Amino acid sequence: MVDLLPLYLSLKLAAVSTAVLMVVAAPISYALVFHRIPGKSFLEALINLPIVLPPTVLGFYLLVALGPRGSFGRAWESVFGSPLLFTFTGIVVASLVYSLPFAVAPMKTAFCRIDRRLVENAQILGLNPMAIFFRVILPNSLAGVAASAILVFLHTIGEFGVILMVGGSIPGKTKVASIAIFEAVEALRYSDAWLMSLALVPVCYVFLLLVNRLTPEAQHGT
Amino acid sequence: MELDVRIKKKLKHFDLDVSFSCAEGRLLAIVGPSGAGKTTIIRIIAGLDRPDAGFISCRDTVWADMSAGINVPTRKRGIGYVFQEFTLFPNLSVYKNVAFAARNRDTVEYLLKMFDIWHLCESRPHLISGGERQRCAICQALARDPKVLLMDEPFSALDALSRRKLREMMKSIKSELHIPIIHVTHDIREALFIADDIMPVVQGRVEQKWVMHFMLTARDFDRARCSPTRAEKRRDEEEDIELSIKAKEYMK
């Protein structure tokens, strides 16, 4: 009998990371597109760093930062009384950092496509920046926001290196599907690896199809 | 309840330096060639651009006084603005676009009926014609009971028939609105047709002597670019004679 707990953990991690990242990435993308921020290019490069860094390198830095000697890990422990490393919360934090560029990029593209005059018109009609975001920008970039959510979800399901570094492989806590597949192969349990891999393929494929349908290029048939 | 404007701004190729006022119920047309600074003037009045120096007030409320460091944000000025191209919210129906910032529902219904687009209430902006969209944009601007109405070449993207219809509509309702209306256009014929006052702007400055020049250039340009039917030709000639008389009177 195949252990379905890693699959459940992967989906749970992806769902939590997606929900949190949508809330975090929206104001970041909004600020990057519609506001003049000093050092904007430096900030963008920093957000995009996880795309180019090897996951193990990023995982190592996160291991240090979230550990009991790291400033973030220490602050967390003093506030919540429990450590971050090798916990589900720890891998959520790690995956937020790792997937942030995948949330920001499609949202930024969607916000860039909004005609500036719509925003100016909303200002003229008396809306404050918060109302402009919720009443004008968000409703007119729903496809981009949905594409961003799906990309983050899929990317989180596929995470391996960063999760392994920060969370290890604790069954029921941090042992997600990708790690379980790796361990099954190492233990020569190929049938388990096959079944778990097969379960992930249709999920990812359907979500990718959705992304393709939602991106403007696909809508224009180019 | 006048709109008073005295503004200076350094632009890329020249310095904008204009002073004017517009009383309630009057329509002031700012006329000039492309790149003369017309749009910048109304963007500054709206608070979308910042002047380098100057003063703007409306109904005894100061909107901008650069020497005192006052520059009221756009959203607090209570203006109506009709853009050159369509800026309706594509995710909302015609009714919801007009009601977006309206003071009350009765106003929305009244405006939609007055501009003859009540029957399009449920339609989305991309499903209606350019003229209908621009009428909807005017309704949206008026629905919040603005203190000033600013219009940036609102008819320039429309076909000749829609343009004529909207010009006539604006001409007939302007006195009912009881607010100053600033209308930016490069078309002197349009200005002479609907405006109470004309302010020609060239290279960021008011140049009254250019009215007649604009008139002649516009007429020649119109004739060169289209091949009108005999009836249209006759109507244009009649309009030309009428507008020439008006322009000459204006120059006196």
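Modeller: Residues are numbered from 1 along each chain as its sequence is written, and chains are lettered from A and ligands numbered from 1 in the order in which they are written. In this predicted model, local features need pLDDT of at least 70 and side-chain atom pairs count only at pLDDT 80 or more, while totals for chains, interfaces and linings use all residues.

Biologist: How many helices does chain A have?

Modeller: Helices (H or I, at least four residues) and strands (E, at least two) are DSSP runs, numbered from the N terminus. Chain A has 0 strands, and its number of helices is 12.

Biologist: What percentage of the 222 residues in chain A is buried?

Modeller: A residue is buried if 20 or more other C-beta atoms, placed from the backbone, lie within 10 Å of its own. Of the 222 residues in chain A, the buried share is 37%.

Biologist: Which helix of chain A gives the most to the side that touches chain B?

Modeller: Two residues are in contact if their C-beta atoms, placed from the backbone, lie within 7 Å. By this criterion, 13 residues of chain A are in contact with 14 residues of chain B. The greatest contribution on the side of chain A, 6 residues, comes from residues 116-124, helix α6.

Biologist: Which residue in β2(B) is the bridge partner of B:R6?

Modeller: Strands β1 (residues 3-10) and β2 (residues 15-22) of chain B run antiparallel and are joined by 8 bridges; strands pair if DSSP finds at least two bridges between them. A hairpin of 4 residues connects β1(B) to β2(B). Within β2(B), the bridge partner of B:R6 is B:S19.

Terms used
Buried ≥ 20, exposed ≤ 12 C-beta atoms within 10 Å, placed from the backbone.
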